[in-house]
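Thanks, everyone, for making the time this morning. I would like to talk through one model with you, moving from its cavities to its packing.

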Amino acid sequence: MEHTSAFSLPNSGHNRDAEASKMGMWLFLFTELLLFGGLFIVYMVYRSLNPESFLLASFELDVAMGTFNTVVLLVSSMTIAMSITAIQTGNAKKSIFLLYTTLGLAIVFLIVKYFEWSAKIHHGLFPGFEVYDNLPPGESLFFFLYFFMTGLHALHIIIGGIIISVVIYRTKKGLVNKEKYTLTENAGLYWHLVDLIWIYLFPLFYLIH
Amino acid sequence: MSHTKDNLPKEEQVHITSYKDHFSTLIALLLLTVITVVISVFGANLRSLSVFTALLIATVKVIVVAYYFMHLKYDKKIYTWLVLIVAILFVSFAVLTSIEYLNR
């Protein structure tokens with residue numbers, strides 16, 4: 001700024017608006033919901049066209065691994081919600097610890113996902129492999145949707161992990177504190193959305209016995 | 001000019017959820033997960049019923065997450081309304097798509 005004004009407005013420097021930030025986050029979450037919503041409708045239509053193939057193909061998925069990952073995500077949702085409680089009560093250290101726990105659980109989720117995916121790819125069930133190409137059309141559709149939807153979800157887990165890392169960094173620097181914790185809250189909202197999507201993905205892909 | 005959270009007007013006050021409440025929410029979610037898995041693994045011969053129940057329980061879980069973890073219970077009602085509008089939009093599109101498909 002070249003020139004500074006001779007007087008300052010009563011609230012100069014107050015450019016934070018926690019409520020507007022939260023509203024912005026929610027609006028973003030709605031676009032995410034509709035993105036996945038569209039994919040769920042694709043799933044619904046293809047499944048009603050190929051009920052038997054979808055059922056057969058779903059037996060290839062490991063219910064134990066899926067259940068384990070569901071539990072991991074639910075626990076991580078609790079730890080990030082608790083990290084908000086911690087920062088609100090001024091306990092930055094505890095908040096950081098809980099955020100690290102959430103990050104750790106996100107990594108556990110991705111490791112399990114890696115083993116699941118590599119087992120499927122090893123069996124040639126990935127688009128482009130011979131086994132996949134020779135599957136009945138309904139079953140290849142199931143695997144296509146499985147890889148696309150869980151893949152997009154895993155991408156959200158990775159992005160969520162990056163956001164959580166930013167929150168940890170800023171909390172450590174004191175930029176997120178007892179008075180200013182909107183970032184933690186919004187990271188929490190995003191993380192819960194990732195959890196919400198998994199809550200539907202899990203029964204639709206693993207449990208349609 | 002410093003005012004504490006306590007003497008702000010009611011709608012400005014921040015609700016802090018206790019650790020215990022968060023833990024109870026988790027227990028509820030884990031119980032619902034166990035129920036879904038048990039129904040789907042052991043109720044395999046009730047196929048159509050198990051899909052319906054699985055989706056119903058998933059919806060209950062989503063509501064619990066949104067209401068408690070995502071703080072809708074304590075936030076301004078506008079957020080709940082917006083969530084409902086988006087949910088209605090999605091459900092009506094899904095239902096209309098299936099009606100369209102069934103009438104083929």
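This is a predicted model: local features need pLDDT of at least 70, side-chain atom pairs count only at pLDDT 80 or more; totals for chains, interfaces and linings use all residues.

The structure holds two cavities of 30 Å³ or more, and the largest cavity comes to about 40 Å³ in volume. Its lining draws on chain A through A:Ile199, A:Phe202, A:Pro203 and A:Leu207, and on chain B through B:Thr36, B:Ala54, B:Ala58 and B:Lys61. The elements that contribute two or more residues to that lining are helix H7 (182-206) of chain A and helix H2 (47-69) of chain B. Sorted by class, the lining of the largest cavity comprises six nonpolar residues, one polar residue and one charged residue.

From there I turn to the packing. The largest nonpolar core has 71 residues, and among those with the most contacts inside it are A:Trp26, A:Leu29, A:Phe205 and B:Met70; the element that gives the most to this core is H7(A), with 15 residues. Taking A:Leu29 as an example, and leaving aside residues up to four places away in sequence, this residue touches A:Leu189, A:Tyr190, A:Leu193 and B:Met70.

My last stop is A:Ala81, which sits in helix H3 (residues 63-88) of chain A. A:Ala81 counts as buried because its relative accessibility is 3%, the cut-off being under 20%. With the same exclusion of residues up to four places away in sequence, A:Ala81 touches A:His192, B:His22 and B:Phe69. The C-alpha atoms of A:Ala81 and A:Gly188 are separated by 6.3 Å, although these residues lie 107 residues apart along the chain.

Conventions:
Residues are numbered from 1 along each chain as its sequence is written. Chains are lettered from A and ligands numbered from 1 in the order in which they are written. Side-chain values use heavy atoms; hydrogens and water are left out. On a 1 Å grid over the protein atoms alone, a cavity is a set of points where a 1.4 Å probe fits but cannot get out, and a pocket is an open set with protein on both sides within 12 Å along at least five of seven lines; lining residues have an atom within 4 Å of a point. Grid points are joined across faces, edges and corners, and a volume is the space filled by probe spheres set on the points. Helices (H or I, at least four residues) and strands (E, at least two) are DSSP runs, numbered from the N terminus. Ala, Val, Leu, Ile, Met, Phe, Trp, Tyr, Cys and Pro count as nonpolar, Asp, Glu, Lys and Arg as charged, and the others, Gly among them, as polar. Buried means under 20% relative accessible area, exposed over 50%, partly exposed in between (1.4 Å probe, protein chains only). Contact means heavy atoms within 4.5 Å. A nonpolar core is a set of buried Ala, Val, Leu, Ile, Met, Phe, Trp, Tyr and Cys residues joined through side-chain atoms within 4.5 Å.
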